[in-house]
Amino acid sequence: MIKKVGNTEILPRHRATCHCGKVVLEITLPNGIENPSRCDCSMCRRKGAIVGSVDLNGIRIVEGVESLKLYQFNTNTAKHYFCATCGIYTHHQRRSNPMEYGFNIGCLEDVNPFDLGEVVTNDGVNHPSDERTS
């Protein structure tokens with residue numbers, strides 16, 4: 001099923017690439033782009049990406065696994081992946097749900113993330129995993 005958002009067609013399966021093209025992903029989106037969001041944590045504030053969500057089996061690395069670099073910080077739970085050549089963030093395994101990947105919607109070929117309309121900003125500064133009980 002093809003969904004249309006603005007002038008953008010959201011296919012059940014999309015190709016996603018970093019800027020230089022060394023990293024190529026196949027992203028399965030059976031329900032279209034679900035829960036597009038931004039986050040205001042120290043990392044996401046700086047990268048500024050609009051992110052979608054998929055189950056762990058929803059992303060397949062087609063090319064460039066050797067070009068992906070892993071970055072972790074704070075609790076080292078989330079795994080953020082970037083192209084070592086062009087520096088583009090492609091995806092990450094979530095801290096809030098380690099059974100999901102967040103992916104950079106801007107990496108989807110033929111998809112303009114600005115066609116998605118209003119995008120929610122999550123409070124990553126006050127992440128639920130950081131809450132302490134007294």
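Tutor: Before we start, one term: contact means heavy atoms within 4.5 Å. Also keep in mind that this is a predicted model.

Student: Okay! Which residues is Leu108 in contact with, leaving aside its neighbours within four places in sequence?

Tutor: The partners of Leu108 are His14, Arg15, Ala16, Ile27, Leu29, Ile33 and Phe103.

Student: Nice. And which members of the largest nonpolar core touch the most other members?

Tutor: Leu108 is one of them, along with Ile27, Leu29, Ile33, Phe103 and Ile105. That core has 22 residues.

Student: Which strands each supply at least two residues of this core?

Tutor: Strands β4 (24-28), β9 (79-83) and β11 (100-104) each do that.

Student: Let's switch to charges. How many salt bridges are there?

Tutor: The count comes to four. One of them joins the side chains of Glu109 and Arg15, at 3.0 Å from N to O.

Student: Where do Glu109 and Arg15 sit in the chain?

Tutor: They come from distant parts of the chain, 94 residues apart. Glu109 is in the loop between β11 and β12 (120-122), while Arg15 belongs to strand β3 (residues 13-17).

Student: What about Glu26, which side chain does it meet in a salt bridge?

Tutor: Glu26 meets Arg60, at 3.5 Å from N to O. This pair also links distant parts of the chain: Glu26 lies in strand β4 and Arg60 in strand β7 (residues 59-63), 34 residues apart. Glu26 is partly exposed at 23% relative accessible area, and Arg60 is partly exposed at 44%.

Student: And which residue does Arg94 form a salt bridge with?

Tutor: Arg94 pairs with Glu100, and their closest N and O atoms are 3.2 Å apart.

Student: Why is Arg94 counted as buried?

Tutor: Because its relative accessibility is 12%, and buried means under 20%.

Definitions and conventions. Residues numbered from 1 in each chain as written. Predicted model: local features only at pLDDT ≥ 70, side-chain atom pairs only at ≥ 80, totals over all residues. Heavy atoms only, no water. Core = buried A, V, L, I, M, F, W, Y, C linked by side-chain atoms within 4.5 Å. Buried < 20%, exposed > 50% of the residue type's maximum accessible area, 1.4 Å probe, protein only. Helix = DSSP H or I, 4+ residues; strand = E, 2+ residues; numbered from the N terminus.
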